[in-house]
Amino acid sequence: MNPPCARCGKTVYPTEKISCLDKNWHKGCFHCEVCKMTLNMKNYKGYDKKPYCNAHYPKTSFTIVTDTPENLRLKQQSELQSQVRYKRDFEESKGRGFSIVTDTPELQRLRRTQEHISNV
């Protein structure tokens, strides 16, 4: 017995049968879902068991990945290893000169001693 066409439901005879995407089609019924351009076995693209031409083939888009703890850790690690952050910090600190990092009692004593010597 001859199978029905996937598009129109009528019987598909062997002379006009195209078996593709796990279905049987008439040659005229095997066309793009969007623009109805007649397709053949060389120029079709299948998506979700439906034929499409190259221009109307649905583009697969990336899904948004949630901020899982592992993804956040990887993002932070890549920022630490990236030279962009070091360059930005360098550009921000360029021209500022050096500053005293800590004001320990020893440094304060040395500063007072130097000021006292310079006043003498």
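**From strands to sulfurs**

Colleague: Where does Asn24 sit?

Modeller: Keep in mind that this is a predicted model. Asn24 belongs to a strand that covers residues 23–26. That strand is β2.

Colleague: In what order do the elements run from the N terminus on?

Modeller: The protein has four strands and three helices. Read from the N terminus, the order is β-β-β-β-α-α-α.

Colleague: With which side chain does the side chain of Asn24 make a polar contact?

Modeller: Leave aside the neighbours within four places in sequence. Asn24 then touches several residues, including Pro3, Cys5, Lys17 and Ser19. The polar contact between side chains is 2.7 Å, and the partner is Ser19.

Colleague: Is Cys5 buried or exposed?

Modeller: The relative accessible area of Cys5 is 5%. Buried means under 20%. Therefore Cys5 is buried.

Colleague: How many disulfides are there?

Modeller: A disulfide is a covalent bond between the sulfur atoms of two cysteines. The cut-off for the sulfur pair is within 2.5 Å. For Cys5, the closest cysteine sulfur is in Cys8, 3.8 Å away, so it is too far for a bond. Cys53 is in no disulfide either, with the sulfur of Cys32 at 3.7 Å, and the count is zero.

Notes: Residues are numbered from 1 along each chain as its sequence is written. This is a predicted model: local features need pLDDT of at least 70, side-chain atom pairs count only at pLDDT 80 or more; totals for chains, interfaces and linings use all residues. Side-chain values use heavy atoms; hydrogens and water are left out. Helices (H or I, at least four residues) and strands (E, at least two) are DSSP runs, numbered from the N terminus. A polar contact is a pair of N or O atoms within 3.5 Å; within protein, one must be able to donate a hydrogen and the other to accept it, and residues adjacent in sequence count only if both atoms are side-chain atoms. Contact means heavy atoms within 4.5 Å. Buried means under 20% relative accessible area, exposed over 50%, partly exposed in between (1.4 Å probe, protein chains only).
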